[in-house]
Amino acid sequence: RLNLAAADLPRRVRQALDAALRLVSAELDPYLALLLDEYEQELFRLGERARHPGSESAYVQSLRTFRAGRSDLVPQFMLELEAGLAGIRAAPAPEPAHAPAAPVAGRVLSLVDDSMIDEDTLLREIATRQEGRASLPMHLLGQRFGVLAGTPAMDAGRLPLGPQAVCRALREACRSLHLGPESRELLYRLFDRLVMAHYAPVLEKLDATLDQAGVLKGLTYVPLRL
């Protein structure tokens, strides 16, 4: 995984990206700590309340797994965000080619397929809500990160440290915990309520940080009047 120190970037670009990462880390740290505590407590409560033996063992297993790996979750999350920043000038990965759909009668749809689709949808909804709450900072950050990347303005999907990037980072960081679909969904919903609900103001501070770093300094948005 690429990091900023090893990235082949101009010094001023690296400094601006490092300042951006430090801001997001400092802003999110207390909310992420709360998330870990709340998630552990919620798994414990669900395990206690579960009446079905299979359900109870699943939550108990998730709790055991989470306790073993919780200290790694936030560092892995931050490493994912840093990797996104470090690769800002890398060519975007091509969109995967989609094979023609097989006839329904000839396909077997697994529960894993369904859970992955639901997971992607849930994370997309979480990100979209915050993009709507911070449309102006998102627009300005798209311009500023485009300059840092040496590309045109970035859209929400490519924006490093944007809501979609943050949700992707959490999903990747969760892989090491080996949680089941229900336990991951619980974590994502708590992440939405306890962390992402506070992210729109972070995007405003992030825009100010890049402005202070001299990235399109003084940039404002004035809507066109017809």
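This is a predicted model: local features need pLDDT of at least 70, side-chain atom pairs count only at pLDDT 80 or more; totals for chains, interfaces and linings use all residues.
# Notebook: a walk through a helical model

I then looked up where leucine 161 sits, and found it in the loop between α4 and α5.

**Entry: another positive phi**

Is histidine 178 buried or exposed? I found that histidine 178 is exposed, with a relative accessible area of 68%. The phi of histidine 178 is positive as well, near 55°, and this residue is not a glycine either. I located histidine 178 in the loop between α5 and α6.

**Entry: the overall picture**

Next I stepped back to the whole protein. I counted seven helices and zero strands, and along the sequence the pattern reads α-α-α-α-α-α-α. Of the 226 residues, 41% count as buried. The protein exposes about 13,000 Å², and carbon and sulfur atoms supply 55% of that area. I also checked contacts between residues at least 6 apart in sequence: 80% of them join residues at least 24 apart.

**Entry: α1 against α7**

I reminded myself how to describe a pair: two packed helices are described by the angle between their axes and the distance between the axes. For helix α1 (residues 11-49) and helix α7 (residues 199-212), the axes come within 10 Å and cross at roughly 155°. That makes α1 roughly antiparallel to α7, because angles over 145 degrees count that way. The crossing of α1 and α7 is right-handed.

Which residues of α1 and α7 meet? On the α1 side I listed Ala16, Ala19, Ala20, Leu23, Val24, Glu27 and Leu28. On the α7 side I listed Tyr199, Val202, Lys205, Leu206, Thr209 and Leu210. By class, this contact of α1 with α7 has 10 nonpolar, one polar and two charged residues.

**Entry: α4 against α7**

I stayed with α7 and turned to helix α4 (residues 135-149). The axes of α4 and α7 are 9 Å apart and the angle is about 40°. Here the crossing is left-handed. From α4, the contact includes Pro137, Met138, Leu140 and Phe145; from α7, it includes Leu203, Glu204, Leu206 and Leu210. I noted the classes in the contact of α4 with α7: nine nonpolar, no polar and four charged. Leu206 and Leu210 of α7 are also among the residues that meet α1.

**Entry: α5 against α6**

My next pair was helix α5 (residues 163-174) and helix α6 (residues 181-194), whose axes come within 12 Å and cross at roughly 145°. The crossing of α5 and α6 is right-handed. Val166, Cys167, Leu170, Arg171 and Cys174 of α5 contact Leu187, Tyr188 and Phe191 of α6. By class I wrote down seven nonpolar, no polar and one charged.

**Entry: glutamate 125**

Last, I looked up glutamate 125, which lies in helix α3 (residues 111-133). How far apart are glutamate 125 and aspartate 192 in sequence and in space? They are 67 residues apart in sequence and 9.6 Å apart in space, C-alpha to C-alpha. Glutamate 125 is partly exposed, with a relative accessible area of 42%.

Methods: Residues are numbered from 1 along each chain as its sequence is written. Side-chain values use heavy atoms; hydrogens and water are left out. Axes are lines fitted to C-alpha atoms, for helices over the stretch in contact, and angles run from 0 to 180 degrees between N-to-C directions. Helices (H or I, at least four residues) and strands (E, at least two) are DSSP runs, numbered from the N terminus. Angles under 35 degrees count as roughly parallel, over 145 as roughly antiparallel, 65 to 115 as roughly perpendicular and the rest as oblique. A crossing is left-handed if the near helix is turned anticlockwise from the far one by less than a right angle, and right-handed if clockwise. Contact means heavy atoms within 4.5 Å. Ala, Val, Leu, Ile, Met, Phe, Trp, Tyr, Cys and Pro count as nonpolar, Asp, Glu, Lys and Arg as charged, and the others, Gly among them, as polar. Buried means under 20% relative accessible area, exposed over 50%, partly exposed in between (1.4 Å probe, protein chains only). Accessible areas come from the Shrake-Rupley method with a 1.4 Å probe; for residues, only the protein chains shown count as cover.
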